[in-house]
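Thanks for coming, everyone. Please bring up the sequence and the model, and I will walk you through the core, the sheet and the domains.

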Amino acid sequence: MSIVFDHMAPRITEEDSSFRTRMLGIAAGMTNVIAMGRGDPDFHTPAHITEAAKKAIDDNQHHYTGPTGLPQLREAIAADLKKEYGLDYTAAEIVVTAGVQESITLLMLGLVAPGDEVLLTSPRFTTYDTAVHMVGGVPIPVPTFEKDDFALDVAEIEKRITPKTKMFVLVSPNNPTGAVTPPEMIRRIAELAVKHDILIVSDEIYAKIIYDGNEHLSIATLPGMKERTITLNGFSKTYAMTGWRVGYLAAPADFVAKMIEPRHTLSINTCTISQFAALAAVTGPQEPIEAMIAEYAERRAYLMEALTEMGLTYGHPGGAFYIYTNISSTGMEIADFCEKLLRETGVMLFPGSMFGDETGHYIRISFLQPLPLIKDAIGRMKTFIAAHKDAAA
Ligand SMILES: Cc1ncc(COP(=O)(O)O)c(C=O)c1O
């Protein structure tokens, strides 16, 4: 071990998931891999957005911006939050960050003291665990279950509230389950937050990717909730802009003012060129986004039917682009399933353990490949499952 390693601070607890590294290592040596586990849209960023970035470069718009972001982008985000979700934020209440990811770190720095407990919708996007650990807090998962299509149950939240609870992180639609928390449950979560005086972090990064008439309700629109909520959203998923790194938090102006220095310390500002691209995304035509969502809907419908035909169950995903699928009917152990599926067929999927799931039953299948490739992957999975069932019989 190096001397540097020996001197590490205790706040870094998470290890790189060795299973993921192992899978990527196996895949690197193969030529026929279909990645069905990714969270990165396969579409290109729409052309009017990339053109805006090119123009920003040509116009020499490549200097620092203020730490909270370009004023015109903050204005446009506030207008979009109003138009799309009925949220009442002003530009002064928006901090533009390097993806939602940086917003998560920033808000944990600003709000969580050592020993504070943070309740997390689970299975989950485990960045939250890492960010909470980094500031000395304690992540507390709130489980959701397949029998409920992974919908949140307010009783599961309430029974985990203690005097140390600082906040509940509501992620709807959720990653990895795609579960959309219905408006009625959002209202009950809001009541709970007021009753126990806890904050709400509402991660709405998938809010525009919703199917079958499911309704997204932004919790900060409810009476009294804006003052205790931090709303998170971004450009990565909706606009196929993962690599551009633009997201934001929206929160009461006094908190935002206090976040300027820490945000400046983290990275000064979000890449200026990407901010101009984001401005074009949020103010420009939305048809390309509608077209992407229509395509996701088609892929989702195909996959749900194909999985059911294969005898696999799942929680109905109301949004996002994931199907959280139960493979227990195959009789295979989850890590063994994922590794053998990759080695024998080239289909790469990741186990629920990467999303903090301890049941050992689930894989996250994402539909971020063109339909013909998804069909190819399903064909390979069918053969694989049948072969392993025969071998076990
Ligand atoms: C629930 C959730 N929040 C936040 C993020 C981070 O997104 P980004 O930093 O690209 O905006 C992701 C990415 O997968 C996510 O699934």
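**Core, sheet and domains**

Start with the largest nonpolar core: it has 103 residues, and Met 108, Met 167, Phe 235, Phe 337 and Met 381 touch the most other members. A nonpolar core here is a set of buried Ala, Val, Leu, Ile, Met, Phe, Trp, Tyr and Cys residues joined through side-chain atoms within 4.5 Å. Buried means under 20% relative accessible area, exposed over 50%, and partly exposed in between, with a 1.4 Å probe and protein chains only. Helix α11, residues 287-309, gives the most to this core, with 8 residues. Helices (H or I, at least four residues) and strands (E, at least two) are DSSP runs, numbered from the N terminus. At least three residues of this core come from each of domain 1 (3-44 + 287-392) and domain 2 (62-283).

A word on the source. This is a predicted model, where local features need pLDDT of at least 70 and side-chain atom pairs count only at pLDDT 80 or more, while totals for chains, interfaces and linings use all residues. Residues are numbered from 1 along each chain as its sequence is written, and side-chain values use heavy atoms, with hydrogens and water left out.

Now Met 108. Leaving out residues up to four places away in sequence, Met 108 touches Val 118, Tyr 128, Ala 131, Val 132, Val 135, Met 167 and Val 169. Contact means heavy atoms within 4.5 Å.

In what order do the 7 strands of the open sheet run? The order is β2-β8-β7-β6-β5-β3-β4, with mixed pairing. Two strands pair if DSSP finds at least two bridges between them. β2 (94-97) and β4 are the edge strands, each pairing on one side only. From one strand to the next, the twist averages 20 degrees. Helix α6 packs on the sheet, touching β3, β4, β5 (165-171), β6 (199-203) and β7, and its direction makes about 150 degrees with that of β4. Axes are lines fitted to C-alpha atoms, for helices over the stretch in contact, and angles run from 0 to 180 degrees between N-to-C directions.

Take the β4 end. β3 (residues 117-122) and β4 (residues 138-143) pair in the parallel sense over 6 bridges. Ser 122 has Pro 143 in β4 as its bridge partner.

Next, β7. Strand β7 (residues 229-234) pairs antiparallel with β8 (residues 247-250) over 4 bridges. Thr 231 stands opposite Ala 250 in β8, and Asn 233 has Tyr 248 as its bridge partner there. On the β6 side, 4 bridges join β6 to β7, and the two run parallel. Val 201 stands opposite Ile 230 in β7.

Why is β7 largely enclosed by the rest of the structure? Because 6 of its 6 residues are buried. Thr 229, Thr 231 and Asn 233 are buried on one side, and Ile 230, Leu 232 and Gly 234 on the other.

Glu 93 sits in the loop between α4 (71-85) and β2. Is Glu 93 buried or exposed? Glu 93 is buried, with a relative accessible area of 9%. Among its contacts are Lys 226, Leu 249 and Ala 250.

Last, the domains. The bounds come from an automatic or database domain assignment. The centres of domain 1 and domain 2, taken over C-alpha atoms, are 25 Å apart. Across the boundary, 34 residues of domain 1 are in contact with 31 residues of domain 2.
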